[in-house]
Every structure is written in C-alpha cells, then in structure tokens.
There are 2 protein chains.
Amino acid sequence: MSTSTTTTATSAPEPWQNIAQRKQAQRASLIPEAWRIPEAKLREYTASPTANVLHVPSDCGILSSLDRQITESYDAIDLLALLAKGPDAGGFTSVEVVTAFCKRAAIAQQVTNCVTEILFESAIARAEELDRQRAANPSAALPPLWGLPISLKDCFKVPGVDASIAMIHFAEKPSTEYSALPQLLLSLGAVFHCKTNVPQTMMTADSDSNVFGRTMNPNNRALTAGGSSGGEGALVAMRGSILGVGSDIAGSIRIPSHCNGTYGFKPSANIVPYAGQANPAADGLAGILPVAGPLATSFRSCRYFMQLVMSSQPWKYDMDCLHIPWLGLKPPAGRNLRIGVINDDGLFTPTPPQKRTLEEAKAKLKAAGVELVDVQLPNLMEDVAVAWACFGMEASRTALGYLAAAGEPKIKSVENIGLTGGTGMTIEDLFAWNVARSKVEAKHRDLWVSSNVDAYINLLVPHTAPRIDTWTTVVQALWNLIDYPSCIIPTGKVSEVDVVDPNGAKFGDADRALYEQYTGPEDFKGAPTSIQVIGLRQEDENLSIVAEMIDKILNP
Amino acid sequence: MSTSTTTTATSAPEPWQNIAQRKQAQRASLIPEAWRIPEAKLREYTASPTANVLHVPSDCGILSSLDRQITESYDAIDLLALLAKGPDAGGFTSVEVVTAFCKRAAIAQQVTNCVTEILFESAIARAEELDRQRAANPSAALPPLWGLPISLKDCFKVPGVDASIAMIHFAEKPSTEYSALPQLLLSLGAVFHCKTNVPQTMMTADSDSNVFGRTMNPNNRALTAGGSSGGEGALVAMRGSILGVGSDIAGSIRIPSHCNGTYGFKPSANIVPYAGQANPAADGLAGILPVAGPLATSFRSCRYFMQLVMSSQPWKYDMDCLHIPWLGLKPPAGRNLRIGVINDDGLFTPTPPQKRTLEEAKAKLKAAGVELVDVQLPNLMEDVAVAWACFGMEASRTALGYLAAAGEPKIKSVENIGLTGGTGMTIEDLFAWNVARSKVEAKHRDLWVSSNVDAYINLLVPHTAPRIDTWTTVVQALWNLIDYPSCIIPTGKVSEVDVVDPNGAKFGDADRALYEQYTGPEDFKGAPTSIQVIGLRQEDENLSIVAEMIDKILNP
C-alpha cells in the first residue's frame, strides 16, 4: 500500500535565469554542428554597432549552391510551383526545400537571435514523409502549400514544443495541440520549420525577453527589429523563411515588416484564424481584436496566403472567423486606380527617408496613371487615445501576474511602454469605450466613402526602424481600432540623400522630439523604408488586389 | 443685460398617466373618422375572451373592394411588381397601395392595439410624391421597394415622431433622424405607414406598456401576441402590413411571428443595419448582439428583404454591418436537401399541436425527397444559462432607471421575467462570459459540421402562443447566443385533433408545468403553429434559399 504525503510549504519558483539558460541551451543544441558559424566569424559579422548581416547566409559557406538557389531565387509562389513540379520535372523535393530553409534559419538565428523554437528535425521528417507519399502516389493532387516551410510567431502552438511567448512562466510547458491557423496550414500541406521571437508580454515593438534575449535587426544592429512579430520580421528579411505568420493588435505584423524590410499583411479581424494561441492577456478580453497574418518576401505571397485561408472555410478552424468568401475578384478594368494619399498623420512629420520614399512612391504611381487624391486623417490624436485606452483595459494585470509568478523582471521596452500602470476599466468604462470606438469608426467610414478610393497609402509610422528600445509610436494602431486591413510594401533603404533637416518638424514639441531621433543616413544606414496600403474593413481581398497592383508599380 | 436665475427645486415628473393619456389620445386622433369601427361593432368583434379578429378588416365595411384586393391578394413581391407596372399597365399607384394599407392598419389597430405611431398622413404624402415623380419621368428606373408601405417596430427612429419604445421616459420626444435601416429602406423607395408596439423595456414576450397598452393576438385574444416585436406580428397577421421590420435578441422577431402566424427572419448579427435605434439598455453594451429583420406574409418576401439589404452595401448605413455580399446563390442542384431535425430540445416536450405540426412537416419533407437526419442539441440547459447570464449583464439598470425617472410602474411581464434583480457583471465576469460563449459556439460549430446539413428544423418553442403574461421560455435564445440565422414558417393552427395528453411531458417537473399550460384545442383555438428553420452563422443567404424550398413544400 502507498502512503499519502502532504506538502505544506509553497516552494519558491525556480530562478528564472536557470529556466532561461536551459531554454537557450536547448535551442542552441538543436542547430546541427555543420550549420554553426564559427565563433570568430560570428564576432566579425556582428562587430560593427550598425552591422548589416543580411549577406551572412550567402557568405558564411554553410549553404550549398542548391540551398542558396532555393532560398534566394524564389518567393513562396515560385517555390510552390517548383515543389509541385518535383525533381523529375526540374523542380524540388520538399526535403530539399525544407532543409535549405532550416539551414538558412539556423544561420539567421545565429546572427539575429530571431528563433524561439527550432523544429528542424520534425520539419525534415514531415518533408520526407510528404516526398514519400508523393512518390507512392505520383498522380495524386497536391494541396496548395504542399511541402513549403512556413515559420510561425511563437504564440502559435505546435504540439511538443513551448509557446512560451517569451515569458518564463510559460517556458518548458510544451503545447499539446495546434492553434487553429497552423492546423489549417497543415491541412494545406505546409511544413513548420521554426517559431520566432517576440517581446516579453508581446506588447512592445522590441522583441526582447528574459527567455530568449533580443532579436537584432539584420539591416542594422543598432536599430530595433520591431515587434511583436520581430523574430518573424528578421527571419523573413534573412530569407530564413519566405512565408511566415505573425499577429497584429497595434502594428505587430507591420512594424517588423517595416523595420526589417519585408512584406506584411494585417488582415481585418476574424478573417484569418486566430484561435488557440498562447495569450499574455485575460482570456475573453474585449475591445480591439488581434489578428493573424503573413509576412513574406513578396506581396503576391501575402495575397496568396490570404486567398488560401479565405478559401478554406476558416470558421471550421476558428469559429470566430467571418463567413466572408474569397470571391475571385479581378483588378479594376477599364479605369485607373484611385488612391487616397495620407501625406502625414497630422501629428508627426515624416523623417527624411520616409518622406522621400512616399514622394517617390507618389511619383511612380502618378507616372503609371494612378489617380492620387489627398486624404487628411480627422483628428488622429483622439482616435489613438481611444486605441490606447483599450490596451490598458486590464492594466496588464494578467501579463504582470505571469511575470510575478515566475519572479522575472520586466524588460526595458515593457517598462517604457507605459501599459503596466493604471487601474483598468470597469464594465461601464468598456460600454463607454465601445461607444467611443463606434464614433471613430463612423467618422472613418464617412471619410472612406467620401474619398471614393480603391485604397489609401501612407507611411506606417513617420520614421524608419528606430534605435533599440526607443519605439513609442502608436499611430499605426488606428487601423486596428477601426479594423481596416493594411499592408507593408518595402520601398528601399535609407540613402545618402536622406540628410537631416534641422527645421523639418512642424507639429510641435512631441513631433520635434521624435523627428530629431533621426540623426542621418550614417546612423540609420540599411534601415528599410516602406509604404503602408490600407483597405476598407473586411475587404481584404480587394486590398490584396490593389496592393499587388501598387507593388508592381513600386517594385517592378 | 439679462439676469441669471437659479432653480434649486427639482420638479417631480409629470404623472405618467397624463403622458400615456395624451399619447393614446393623439394616436386615436390620427385615425380618420371614416376608418373608425363603430363602438358597438368593436364590442361585438372582441366580446369573446378567445375572439379571433382576423376577419374584421374584410367584414367591417371600411375597406373598398380595391383596398381588399390590394391588402389580401398579394405578398410584398407581387405588390412590388404591380407597383412597378403602374395603373396604366394593370398595376397600382403607390397612393392606392399605401392608402389601402393605412386603412387596414387603422382597422388592425382598433382590434389589436398593435400600432404606436401613426404615419398615415406622411405616408400618403410620400406616395403622392412618388407617383408624381413617376408621372413626370415615366421611363426612369424605379428602386426595388418603390412605393411599398413598410411598418417599423417602434424602436426604429423616424423624424418627427417618438421612438418611445413604450416607456414614458421617451414619450413626447420626437426623433430628429432616421435609424440606419429605415434610411436604407427609404433609399430603396419604401414608404413607412406606422410604427408598432413593444413591451415596456422590450425585454418580454408580452407587448404591453403603460404608454400604449397591450397588443392583442388577432388569432385568439386570450393568448399573447408575443414580443418584443408583438405589434409587428399582430399587424402583419392582420395584413395591415405585408412587410414589417422587427428586432430580435432572444426571439423578438420569431416569437411574434410564431404567436401570430406570420413569417419572420432573424438574421445573423450585423447583416442587417441595426444602428441608431432607441435603446432601453446601456449604449455600448457587450454580449449577444440584437439584430433587425423582417416579418412578412410570405417567406419569399423575407428572402427578398434580405437580398435587397445585403446587396445595398449596408455598412454605408451601419458601419457594424459585415462586408458579406449577396452572392446570388442558387438552390442546391442535382441532390436532395439534407435537413437536421431537432425533434425536441431535451428540456421541454412539444405540446400536442406543436408536436403534430413538426411530424406533419417531416412527413411532407420526406415525401418531397428531403433527407432528414436527427440532431440532438448538446446540453441546451447550460447554453441557455449562458444566454440568460448575458441578459443580466447590467441587471437592467438602464431600463429601470428610465422607469424610475418617469415614475411609472413595471408591467406584469417585466415583473415576471426576472431580469431586473441581480447585480450585473464586472468586466472580469464579462471576459469569463466571452470564454463561456466561445465554448458553446465551438460545440455547435462541431455539431453543424458533423451533421453535414443544409439547415436544421425544429420548433421555436415547445408550445403555441401561451396565455397573456405567462411566457417564460428562453430556449429560442440559443440561436442568438451562437448567432445562427433562423426563421419562422407558419404551418397552420391548433386543430381539434390536438387533444391533451395527460402523460405527455417526459423531462420532469419544469417540463410538466409548461406542458400542462396547454389545456386543449378549445382554449387555444386559432393559435398558429410553426416550424423554425435554422442556418449556419452568417450564411443568411443560404438559409433564405433553403427555407424558401422548405416553405414551398410545407405551404405549396
């Protein structure tokens, strides 16, 4: 017979440093020896404070020429075509493609710290299985994402590995099932090769944590890689993944896309399955809805992702998904595009590189026959205040509780962001907030209808990727508040011509303070520029078509 | 110069009886003398406690033969075709049609007390204007609802008249603008001829109030006309309107449709504009969303209403409307319908007339080749508790505040309904409630997917219209909780064969108590029976097609 024992003392949590050390050591151990960059070389690549490491995968000698061809020559759509062809017809096996991206992701990880969970072994095993199945049944139709490696932001659950979302509390608690979106993507034939880094609490634009450390911007190590999908942004910029999935409640797909120079698409709420993710906030929280969406190396890959998801009855995976079908719309025929241009947001002056890129984009669009009309945002300050109030709905109590339970300190950007004070909302406050949001939505619906445009373009934010731990901009959350889909099209990099304009800031002190953070092309060299394209709520398909037309004009 | 004065005493509100008396007197004064039923005749029509007054419009001598033809021979779609034809081609003028329905609504009002605001004068004036415009420009295309009178539940705002929603507090405060849906319908050419009665607070199934009194069921005065769109149900049953608009958060379209014997369609949330209505609860309230939808004399009129609204970019009128287009789907071809039959809800036994009507419906469907599969609701009791908890979110504080401010007493059904006690929810309760609802939604999504059906059919409630002020059934709110569109198809009336079955109730005491309220065909003579057809969330178009096929089988 067994005797029962009673434990009366509550043991203190294990020191968070131990857990972090184990997590990082385990992660390092999952990179095969042959894929490791020698210490000396690594030091050399990252020696300059503003080092650009985008070249490292091609230069470090770890990738074969086939690996380089696979990871550098194609976007997701090209690669899917080559995977569908298969090796006998001049294409690739899934193992070839998946292995190449695993290797490149391993390299990206070593120079940017962008990965949280390494899934190389299971990814290659799945690729082998897919290749085997195809060999056994060569005439069977292949699902549309067959054999393609896809990376996932850490919050998406994959059985057997953590979805720790960079919080000690959730570390070493492997998931037991897939989140809704990975499940859908799996059913389409995708392979998951890694999960990617996020900020502690997922509430900041600096993907740093006690669990995994900080993701570095591969374009310039002095600048933030953005967040909260910062690992995804850095990984896709490094082409360690050509199609990844992030999430966005206040810019978390678009910020890293902008900072790292990738494409990114923030859908409207409940278009792409979001359910079943690790969650740093209270379950059932009301207010602005977070969304899942793609980051990719081409716009058309983002569009294709949206098409596949919206054509897959996504409500079967996440019953909150709207029953909005993909209609197979065509680009507007027999007329020119009409685009509303938001030249500035009325609060902050675009810094020289961002101002230049918007002017260049306008010139290219105009030259291509696009009709441009100026659009002025009506009192953005008020609207952003409404968005901000929502992010303080529970005064971050849930997230802070997880930090406290694990005994881990806040990272700097969590301290900076200012969402951890306050008292949160009562239910009456929430009702009043719903009314306030409705007013903003009505104002913007009227603006859209009266503008009579196919899309708006603007700058996501007035600046490029700022220095590490200095991001404070919230204007991009307007499009979350009113739930308009919006996407990032990279347009280039900071250039020598982007000299400081000492008297450029025109909206007062707060503007000047932000504007002056841009100290010239030398400090910000390599920083990507981009434009944001914005569509009407729930008209994601239409936005994907219009933005693809714009991308072809800007990046022919 | 002016001097400022300060009033320190707060004056008591005017006695509610005075306000009610003025409202009712004003309403009575708006019925032209020639349209009034003589007192003696009125007493005769309503003498029996179970009087059926459906025959009164044809019998009372007020309607001309043209009025009778217009109001009795057509549904909304027929009439729209005849309006479009115009008098020169064998159709009607708008004045002819609108006048006929104003007269019939006046008669309906006198025997059922179904109307709150009488708009006869402005309706006929608008009809004259429409006829004039057409005469001036005979070749101009007419909008799809051109010249058709439509009735509106009292909560919809029409400039110049109250939207008092049967509360003294809101009486004698005329609206200054249209609610979103009337505005959309106006743009399609509709004419509004009256607004219709609701219960005080709009929270009960008995359309009774201190302002307007009680709406009587025209089929049997002993039974409730239902609510909260009870006036609409009685008016449409009397054919004082062939197309009206109600609203539904827990059955408020479907209950009066069922009780009075009309068709009714409860859309999914945010398909039909709801914005801008008078609201007895807190603005910005969270939880189950109320919806607007049609009641009509034919199912195809409901379908057409849905088609018109969904084809009109309804988000331009109410920006909460989903961007779900009307797709122009066709009935399933090359296969039989597959319908899930919910024989009972697992809590309450259908009473004899309702049981009979479901069995007859199943037999007819089967004979028509429809494949029927049994579907069992998984633990409805739990789900209804979740819905019920939502209705207590603010413990009716807002509505009770309006009653207190006016010094008016609660009506009996408000006392009975049990939603005015309790403490309401905290914001954390609301988050937990959101999680609880998600679980119910997921369970039902799985049931739907595994059932693999075109629609479910069931009984809205296990009983016909019950006696006045006795309605307690909440099971119908399941479809609001999980946001499935559902509609009512009338199937007949209580028949002599619906004899009491003393041992019929099979689910215990609560079931027996409800079941035994049915005391046989004599007491419930004339009470309509119906079936409910239920579709998948946001697939309103599909439901409208499938339900129309079912209606053609049941009511050939």
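**Local geometry and annotated residues**

Trainee: At what relative accessibility does Asp483(A) count as buried?
Mentor: In this predicted model, Asp483(A) sits in the loop between helix H17 (478–481) and strand E10 (486–493) of chain A; helices (H or I, at least four residues) and strands (E, at least two) are DSSP runs numbered from the N terminus. Buried means under 20% relative accessible area, exposed over 50%, and partly exposed in between (1.4 Å probe, protein chains only). Asp483(A) counts as buried because its relative accessibility is 11%.

Trainee: What is the average pLDDT of chain A?
Mentor: Residues are numbered from 1 along each chain as its sequence is written, chains are lettered from A and ligands numbered from 1 in the order written. Local features need pLDDT of at least 70 and side-chain atom pairs pLDDT 80 or more, while totals for chains, interfaces and linings use all residues; side-chain values use heavy atoms, without hydrogens and water. pLDDT is the predictor's confidence in each residue, from 0 to 100. In chain A, 98% of the residues score at least 70, and the average is 96.

Trainee: Over which residues of chain A does pLDDT stay under 50?
Mentor: A contact means heavy atoms within 4.5 Å. The model has zero contacts beyond four places in sequence for the stretch in question, residues 1–8.

Trainee: What is the largest C-alpha distance among the residues that UniProt lists for "active site"?
Mentor: The unreviewed UniProt entry lists Lys153(A), Ser228(A) and Ser252(A); such positions are given in the numbering used here, feature names are shortened, and annotations may be inferred rather than shown by experiment. The three are spread over 100 residues of sequence but cluster in space, with a largest C-alpha distance of 10.6 Å.

Trainee: Is Lys153(A) buried or exposed?
Mentor: Lys153(A) lies in strand E2 (residues 149–153) of chain A. Beyond four places in sequence, its contacts include Ser228(A), Glu232(A) and Ser252(A). Because its relative accessibility is 1%, Lys153(A) counts as buried.

Trainee: With which side chain does the side chain of Ser252(A) make a polar contact?
Mentor: A polar contact is a pair of N or O atoms within 3.5 Å; within protein, one must be able to donate a hydrogen and the other to accept it, and residues adjacent in sequence count only if both atoms are side-chain atoms. Ser252(A) lies in the loop between strand E4 (243–248) and helix H10 (254–260). At 2.8 Å, the partner is the side chain of Ser228(A).

Trainee: What is omega for the peptide bond from Gly227(A) to Ser228(A)?
Mentor: Ser228(A) is in the loop between strand E3 (191–196) and helix H9 (230–237) of chain A. The bond from Gly227(A) is cis, with omega near 5°.
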